[in-house]
Amino acid sequence: MEATQFHLHVNELPRVMPFPPTVRELGYLPEKRAWVRAEFSYIVFCFILAGKGRLHYGNRWYSVEAPCVLAGWPGVYLEYGPAPEGASWEELFLGYSFDLTPLFETWGITPAQHPAWPIASAHTVRRLADEVIGYAQDIDKRGVADRIDRICHRLLLESVLAQPAMPETPYDALLNRVRDRLMTHLDLVHDTMALADECGMAEVTFRRYWKRRFGLPFKHDLITMRMQEACRLLVRTRMEIKEIAAQVGFTNPHYFSHRFTTLIGTPATEYRNRFSRR
């Protein structure tokens, strides 16, 4: 029988042999089309089993292509969903209590650094996902919640073990510091030649290692940071559009509005009206 969409509160079910990490939320969306724009109160892992789309985490946009995992920590505003418009993806999501944060961090699962990662062992993860989806159909039976806990633990383990190591270079720490500073001074003009000199590199080397480290060319990464900070300010503050433009490095508010509409896909005022949480 073909599995249908569900969202279960597994934390409310009794365990026969409780052992952490116990699953709090479990959901399955065979053809997810809607985007999520939310700040979760718990830890969430989204296994994207088929399809592709985009993820916004912090000040960056990430491309999403199955099979992969998206991760979110409590208190962090996330935007993610299938792309292009009208597309869908298959998603199995796991939710865990905020109290388990230290446990996941000791396992090396830290979304602040790696909010999305590819799954190499697609066959194994697919099999385990199908097991979870199957058990969810009999969720009230004795011991099913325990089985779901164990299989979801294995899903996370397989996804992390399959994760390719991040390429390490002698410049990583320097580039991290530069990018952190840029994120707090988005209103300033940033010259790649000066930044390269600061890191002890030629400009062409700086640009090459920047893309290798952060996945985007420097100018693309900088404009992405600026636009996502603008999104945050639109949603969380009452600042005027021209004030937001200046704060993210645009002296001309009309040009800012044009760029925002082009890159985000909707005018700034409309974005505020749709997603403001004030």
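1. Leaving out residues up to four places away in sequence, Glu158 touches Ser121, Thr124, Val125 and Leu128 (contact means heavy atoms within 4.5 Å). Please keep in mind that this is a predicted model, where local features need pLDDT of at least 70, side-chain atom pairs count only at pLDDT 80 or more, and totals for chains, interfaces and linings use all residues. Residues are numbered from 1 along each chain as its sequence is written, and side-chain values use heavy atoms, with hydrogens and water left out.

2. Glu158 sits in helix 3 (residues 144-161); helices are DSSP runs of H or I with at least four residues, strands are E runs of at least two, and both are numbered from the N terminus. Glu158 counts as buried because its relative accessibility is 15%, the cut-off being under 20% with a 1.4 Å probe, protein chains only.

3. Now to the sheet: 4 strands form an open, antiparallel sheet in the order 3-8-5-6, with two strands counted as paired if DSSP finds at least two bridges between them. Strand 3 (36-39) and strand 6 (60-65) stand at the edges with a single partner strand each, so one side of each has no neighbour in the sheet.

4. Strand 5 (residues 52-57) pairs with strand 6 in the antiparallel sense over 6 bridges. Gly53 has Val64 of strand 6 as its bridge partner.

Note on methods: Buried < 20%, exposed > 50% of the residue type's maximum accessible area, 1.4 Å probe, protein only.
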